[in-house]
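Subject: Structure handover

Hello,

I am passing on the structure we spoke about, with notes on what turned up in it. Please have it open while you read the rest.

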Amino acid sequence: MFQASFSYCSFTQSQATRGAGLFLHGPRNLQIDSCIFQDLHGQYGPAVYLAQGDALNVTTYSYQIHDSTFQSTSATIAGGALFLEQNVPLNISGCFFNNSS
């Protein structure tokens with residue numbers, strides 16, 4: 001397991017099956033702060049896709065997304081902006097979602 005932190009990053013104009021902006025497999029802690037996700041497209045979670053990690057210890061995970069913008073992101077199957085493979089604690093605050101489907 002690992003920790004991931006992204007601050008003041010821009011992820012734009014990309015397309016992928018999963019996570020055109022970020023695709024992360026099993027981070028224990030994730031911090032996204034003041035980032036821009038724009039014009040991202042895919043089948044699942046075009047801005048941020050969090051793949052399943054250690055399913056037995058999900059209560060120890062900490063996922064935080066703060067003061068970030070999700071603009072014109074689209075998924076053809078699920079997760080217009082974000083997609084999580086498992087039920088984990090996620091704190092989203094101060095974010096702007098516009099034209100995401």
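Two strands are said to pair if DSSP finds at least two bridges between them. Keep in mind throughout that this is a predicted model.

Strand 5 and its partners

By that rule, strand 5 is paired with strand 8, residues 69–78, through seven bridges, and the two run parallel. Within this pairing, Gly42 has Ala75 of strand 8 opposite it. Strand 5 is also joined to strand 2, which covers residues 10–15, by five bridges, again in the parallel sense. Here Thr12 faces Gln38 in strand 5.

Three strands form an open sheet in the order 3-6-9, and their pairing is parallel. The edges are taken by strand 3 and strand 9 (82–84); each has a single partner strand, so one side of each has no neighbour in the sheet. From one strand to the next, the twist averages 5 degrees. Four bridges hold the parallel pair of strand 3 and strand 6. Phe23 is the residue opposite Tyr49 in strand 6.

The nonpolar core

In soluble globular proteins, nonpolar side chains tend to be buried together. In this model the largest nonpolar core has 21 residues. The residues with the most contacts inside this core are Phe6, Leu22, Leu30, Ile32, Phe37, Val48 and Phe70. Two or more residues each come from strand 1 (2–7), strand 3 (22–25), strand 4 (27–33), strand 5 (36–44), strand 6 (48–51) and strand 7 (62–66).

What does Ile32 contact, once its neighbours within four places in sequence are left aside? The list has Phe6, Leu22, Phe37 and Val48, and also Gln64, Ile65, His66 and Ser68.

Two serines with positive phi

Two backbone angles deserve a look. Ser34 is not a glycine, yet its phi is positive, at about 55 degrees. This serine sits in the loop between strand 4 and strand 5.

Ser72 likewise has a positive phi, near 55 degrees, in a residue other than glycine. Ser72 belongs to strand 8, the strand that seven bridges join to strand 5. Is Ser72 buried or exposed? Its relative accessibility is 16%, and buried means under 20%, so Ser72 counts as buried.

Regards

Key:
Residues numbered from 1 in each chain as written. Predicted model: local features only at pLDDT ≥ 70, side-chain atom pairs only at ≥ 80, totals over all residues. Heavy atoms only, no water. Core = buried A, V, L, I, M, F, W, Y, C linked by side-chain atoms within 4.5 Å. Buried < 20%, exposed > 50% of the residue type's maximum accessible area, 1.4 Å probe, protein only. Contact = heavy atoms within 4.5 Å. Axes fitted to C-alpha atoms, helices over the stretch in contact; angles between N-to-C directions.
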